[in-house]
Amino acid sequence: MLSAHSRRDSTSGSPSALARAVRRWGSASLVAVSVVCSGAAWADSSRSINEWLSRLHEASRERAYVGTLVVSAGPAMSASRIWHVCDGSQQMERVETLTGAPRTTIRRNNDVITFDPESRTAWTEKRESLGVFPELLRTPSNLIPEFYGVDELSHERVAGHMADVIELMPKDALRFGYRIWSEKKTGLVIKMQTLDESRQVLEQVAFTELQFDAPVRMDKLKRMMADTKGYEVLRPSLRKTTPEAEGWRMRDVVPGFQTVSCHVRDQSDGGSPPMQWVFSDGLASVSLFIEPFDPVRHGDAGQAVAGATHSLTQRLGNHWLTVMGEVPLATLRLFAQGIERTR
Amino acid sequence: MNAISQDQGRTPLPVEPSDTAAAQRMSLWMDDEADAVELDAVLGALDADQELALTWASYHVIGESLRQELPERLGARPAVFLARVHERLAAEAGAPAVEMAAPAAVRVQPIVRGRAANDALFRWKMAAGVASLAAVMAVAWGVLGSMPSGPGAGGQMAAAPVGNVVAVSEAVPQTAAPSTVVIETPQGTIVRDARLMRLLAEHRQYGMSALQMPAGFLRNATHDGAPSR
């Protein structure tokens, strides 16, 4: 019965007869059926927040899928076509933008290459942070359960698939909340909203179309990833460092946030790029960019917002600071106030 | 040079004769007349066939040329585009880049994608009604609050309600902030700060979140465009 939900319904606007029948059954029956299918205990069988995050993370390692993703961040919307395939230990993904500048991003595990066909440039990079979960959830440095709680809400149908709706809500006012639609069988995130203190949606990512077990060929994606003929391939290089070595420290640590990394990007044109000091509380990241103050280049102190990402730019003695993250402005101010020069 | 940037809407599609069937299916799809089987075939072919992917991109270029958005977007690297716009602004008698109340301010062509000229035919189910404000990078910064210094209209605009575009809060002196470009759109004025956008790209690259896989990663690859150079 529920397996019929996997039938692809590309016209997500018009409910099928089956969907109407499902709604007629009522939510209680639906829960009962899903309980039988999943073998779990009764409806409020909550998984802990760590268990949910593991489930969401592992879901994409197990099934191949093809879909269309729409991102809305403030007034801007973009869409892309997604291909995903996994094979034992390897995962590959291809993202082809449908709006804005054409871009193709291909990922194999932590290796990412982005093609820009208009300028015939490609960037390759290694995204180390992609590989730290879910193992990091099981370590003592995982502070997420201290600062976020999880609520299981209801079930809703998104892009033709039934999903559990959960909320990861912050326990203080220094971070945002997340409402997540997790496909019932696999756990795959098919829709996610970032919510502010008054539960307004700051950003949304959602599949409008999703087909599991599509015939995506890993060898084909590997070939595409390696095919850089005609492209100038750039590899950003950076110098890893520590805040202490650069002469900075956080006098007042913002609760829940820990240092993730600190580096200075190498820049070939002779400019002096800023030091980037990255913090994370497990769900949200904050970057502090610090560079020497230059009256010619620097003058626009202020705040800005793009979707869920807020930024704060100001002078800091002889330096110029930009703090940026998917957190409220008040949290960015705490970072700006808490940082201090040691020499 | 990129073949697509030469395309003014009358160049033949870049497909081999043997791929005509795939191109025809694509054409049906563009006109919203493909059924599910044809759609599957096109998507599968797109996966494999770079020429077909170029054709797909050509259709979009054609659509944009019909809507007269083409000259603003074609073939220009973001930095070049920003530099050109800035040159134009500078050429306008050295006036500040933005004055909310000054009608004499240079009006850059709105980047907002409005209704397609042939909307009834050229309807894309998934992206119907999507208005992309991205000319250079797909992020628009709304400017909040005010700054003590700076000429012009300082001190306006609070945080934008979700779904609205916010206006700029202060004028940008030409020499002090060469990386800032102001664009006027029907919804208001958006500040495009190239430096801030570069930092945003780096912030996305090096952030860490349990929600990154897959939603966060897919979101960034979709929305932010190129990583910084």
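Over the ring of which residue does the charged end of A:Arg107 sit? The points below take up this contact and other features of what is a predicted model.

1. Charges over rings. The charged end of A:Arg107 is placed over the ring of B:Phe217, at 5.4 Å from the ring centre.

2. Overall make-up of chain A. Seven helices and 21 strands are found in chain A. The chain has 343 residues, of which 56% count as buried. Among contacts in chain A with a separation of 6 or more, residues 24 or more positions apart account for 50%.

3. Strand S11 of chain A and its partners. Strand S11 (residues 201–212) pairs with strand S1 (residues 65–73) in the antiparallel sense, over nine bridges. Within this pairing, A:Ala73 stands opposite A:Glu203. Strand S10 (residues 189–195) also pairs with S11 in the antiparallel sense, here over five bridges, and A:Leu195 has A:Val201 as its bridge partner. S10 and S11 form a hairpin with five residues between them. In the turn, A:Arg199 has a positive phi of about 60°.

4. A buried glutamate. A:Glu125 belongs to strand S6 (residues 121–126) of chain A. Its relative accessibility is 10%, so A:Glu125 counts as buried, the limit being under 20%. A:Pro236 is 111 residues away from A:Glu125 in sequence, yet their C-alpha atoms are 7.0 Å apart in space.

5. Aromatic pairs. Over all chains, the structure holds seven aromatic pairs. One of them joins A:Phe257 and A:Phe335; the pair is edge-to-face because the ring planes stand at 75°, with the centres 5.4 Å apart. A:Phe257 lies in the loop between strands S14 (248–250) and S15 (258–265) and A:Phe335 in helix H7 (residues 329–338), so the pair ties together parts of chain A that are 78 residues apart in sequence. Both of these phenylalanines are buried. A:Phe293 and A:Trp320 form a tilted pair, 5.5 Å centre to centre with 40° between the planes. That pair links the loop between strands S17 (285–292) and S18 (302–306), where A:Phe293 lies, to strand S20 (residues 319–325), which holds A:Trp320, 27 residues apart. A:Phe293 is partly exposed at 23% relative accessible area, whereas A:Trp320 counts as buried at 4%.

6. An aromatic cluster. Ring pairs connect A:Phe257, A:Trp277, A:Phe279 and A:Phe335 into a cluster.

Note on methods
Residues are numbered from 1 along each chain as its sequence is written. Chains are lettered from A and ligands numbered from 1 in the order in which they are written. This is a predicted model: local features need pLDDT of at least 70, side-chain atom pairs count only at pLDDT 80 or more; totals for chains, interfaces and linings use all residues. Side-chain values use heavy atoms; hydrogens and water are left out. Two strands pair if DSSP finds at least two bridges between them. Helices (H or I, at least four residues) and strands (E, at least two) are DSSP runs, numbered from the N terminus. Buried means under 20% relative accessible area, exposed over 50%, partly exposed in between (1.4 Å probe, protein chains only). Contact means heavy atoms within 4.5 Å. Rings of Phe, Tyr and Trp (its six-membered ring) pair if their centres lie within 6.5 Å; planes under 30 degrees apart count as stacked, over 60 as edge-to-face and the rest as tilted. A charge sits over a ring if NZ of Lys or CZ of Arg is within 6 Å of the ring centre and within 35 degrees of the ring normal.
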